Amino acid sequence: MMSPLLKPTLELPIPGARLRPWRFSDAAALARFANDRAIWQNLRDTFPHPYTTQDAEFFLALVADNQRDLYLAIELDGLAVGSIGVHFKTDVRRRSAEVGYWLAQEQWGKGLATAATKAVSEYVLARFDVCRLYAVVFETNTASARVLIKSGYELEARMRRSITKAGKTLDSLLYALVV
């Protein structure tokens, strides 16, 4: 199995777009685009809001030292406008990995999240001993559900009242790509 430490650069089928390793020089762009309540409302509470430069620097240091998972910037025209990560599981789930992503709101609806999800999914399935990729989205996040479906993921489950975000308890949807 190849190590996630071999941080890839993956070209995307959108002009000027690619996935690449995060750089410390991305801190300003990361803080700018991640500091958006519309993004925060669809992510886990570990993703801060407001999102500061200090939060960006902390994240960049964390991913620079990471030896287990894969964290990539979604770059468009030389600027990091989002993030996609793959979190490899252990023990009895060792052949599974969770995919997560977010994208700057100004890039929504342009196919960039779908291209990134397809590319990272193909990369992981081809290079790691993984037979199952999955993602969990909030029931209100219909755009992310569409991204996953367009990327070949299938809805496996509705987990009723499984998340609480911003004072609301919601269902979450489990999507998987199984080979």
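This is a predicted model: local features need pLDDT of at least 70, side-chain atom pairs count only at pLDDT 80 or more; totals for chains, interfaces and linings use all residues.
Residues are numbered from 1 along each chain as its sequence is written, and side-chain values use heavy atoms, with hydrogens and water left out. Local features need pLDDT of at least 70, and side-chain atom pairs count only at pLDDT 80 or more, whereas totals for chains, interfaces and linings use all residues.

**View 1. Arg44 and Glu98 form a salt bridge.** A salt bridge is a side-chain nitrogen of Lys or Arg within 4 Å of a carboxyl oxygen of Asp or Glu. Here the N to O distance is 2.5 Å. The partners come from distant parts of the chain, 54 residues apart. Arg44 sits in the loop between helix H2 (37-40) and helix H3 (53-65), and Glu98 sits in strand S5 (residues 96-103). Helices (H or I, at least four residues) and strands (E, at least two) are DSSP runs, numbered from the N terminus. Arg44 is exposed, at 52% relative accessible area. Glu98 is buried, at 8%. Buried means under 20% relative accessible area, exposed over 50%, and partly exposed in between (1.4 Å probe, protein chains only).

**View 2. Glu156 pairs with Arg132.** Their side chains meet in a salt bridge, 2.5 Å from N to O. The bridge links strand S7 (residues 154-165), which holds Glu156, to strand S6 (residues 132-138), which holds Arg132. The two residues are 24 residues apart. Glu156 is partly exposed, with a relative accessible area of 42%.

**View 3. Arg158 and Asp171 join two strands.** The closest N and O atoms of this salt bridge are 2.9 Å apart. Arg158 belongs to strand S7 and Asp171 to strand S8 (residues 168-178), so the bridge ties together parts 13 residues apart in sequence. Arg158 is partly exposed, at 47% relative accessible area. Asp171 is buried, at 13%.

View 4. Side chains of opposite charge can pair when their charged atoms come close. The whole structure contains 10 salt bridges.

**View 5. Val147 is a buried residue in helix H5.** Helix H5 spans residues 142-150. The relative accessibility of Val147 is 11%. Beyond its neighbours within four places in sequence, Val147 is in contact (heavy atoms within 4.5 Å) with Tyr101, Ala113, Thr114 and Thr117. The C-alpha atoms of Val147 and Thr114 are separated by 5.0 Å, although the residues are 33 residues apart along the chain.
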